[in-house]
Amino acid sequence: MKKVNKYTRAGNNGKEIYCSECNAKNKVYHFSWSAITCGNCKGMIDKYKWLLEPKKLTLNKYFNEYKSTIMQKIHDAFNPEKKKIEWDNEYKPNIKIQSTVKPDHKPTFNEISEHIHKQYNKLK
Ligand SMILES: [Zn+2]
């Protein structure tokens, strides 16, 4: 992982650096500072903690985060007295989806795919 060091220069066009906390891209035009605030997470990041390339987040990391969220929710569900559960799996219909058509005859495969294709083109 390449990090900013005392030899890092911004050049004439500035330099893109990546927050070590949230991985967001920030641009700087000089390095005469010891810490700056990330425009994304608002964290105060020390100069030498900034990265010169984004962290590569592996699928595994996403999966582990997802898994721990799920495990926490399961834990909360079985321990309702400790924590008030806020259900977030409420069904919200997708406004983009039109009501289905009711053909007066049994549509052929081609008619169905044509209809789907037309609807799809409208959404694009
Ligand atoms: Zn950040």
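**How do we know?**

Visitor: How do you know that the span of helix α2 agrees with its 15 residues?

Guide: This is a predicted model. Helix α2 covers residues 109-123, and at 1.5 Å a residue it should span 21 Å. The expected span takes 1.5 Å times one less than the number of residues. The end C-alpha atoms of α2 are 21 Å apart, so the two values agree.

Visitor: What makes you say that α2 lies largely in the open?

Guide: A buried residue needs 20 or more other C-beta atoms within 10 Å of its own. Of the 15 residues of α2, zero are buried, so the helix lies largely in the open. Across the protein, buried residues make up 6% of the 124 residues.

Visitor: Why is asparagine 23 called partly exposed?

Guide: Exposed means 12 or fewer neighbours, and buried means 20 or more. Asparagine 23 has 15 C-beta neighbours inside 10 Å, so it falls in between. Asparagine 23 sits in the loop between β1 and β2. Its phi is positive, about 75 degrees, although it is not a glycine. Most residues other than glycine have a negative phi.

Visitor: How do you know whether lysine 42 is buried or exposed?

Guide: Count again. Lysine 42 has 10 other C-beta atoms within 10 Å. The limit for exposed is 12 or fewer, so lysine 42 is exposed. Lysine 42 belongs to the loop between β3 and β4. Its phi is also positive, about 65 degrees.

Technical notes
Residues are numbered from 1 along each chain as its sequence is written. This is a predicted model: local features need pLDDT of at least 70, side-chain atom pairs count only at pLDDT 80 or more; totals for chains, interfaces and linings use all residues. Helices (H or I, at least four residues) and strands (E, at least two) are DSSP runs, numbered from the N terminus.
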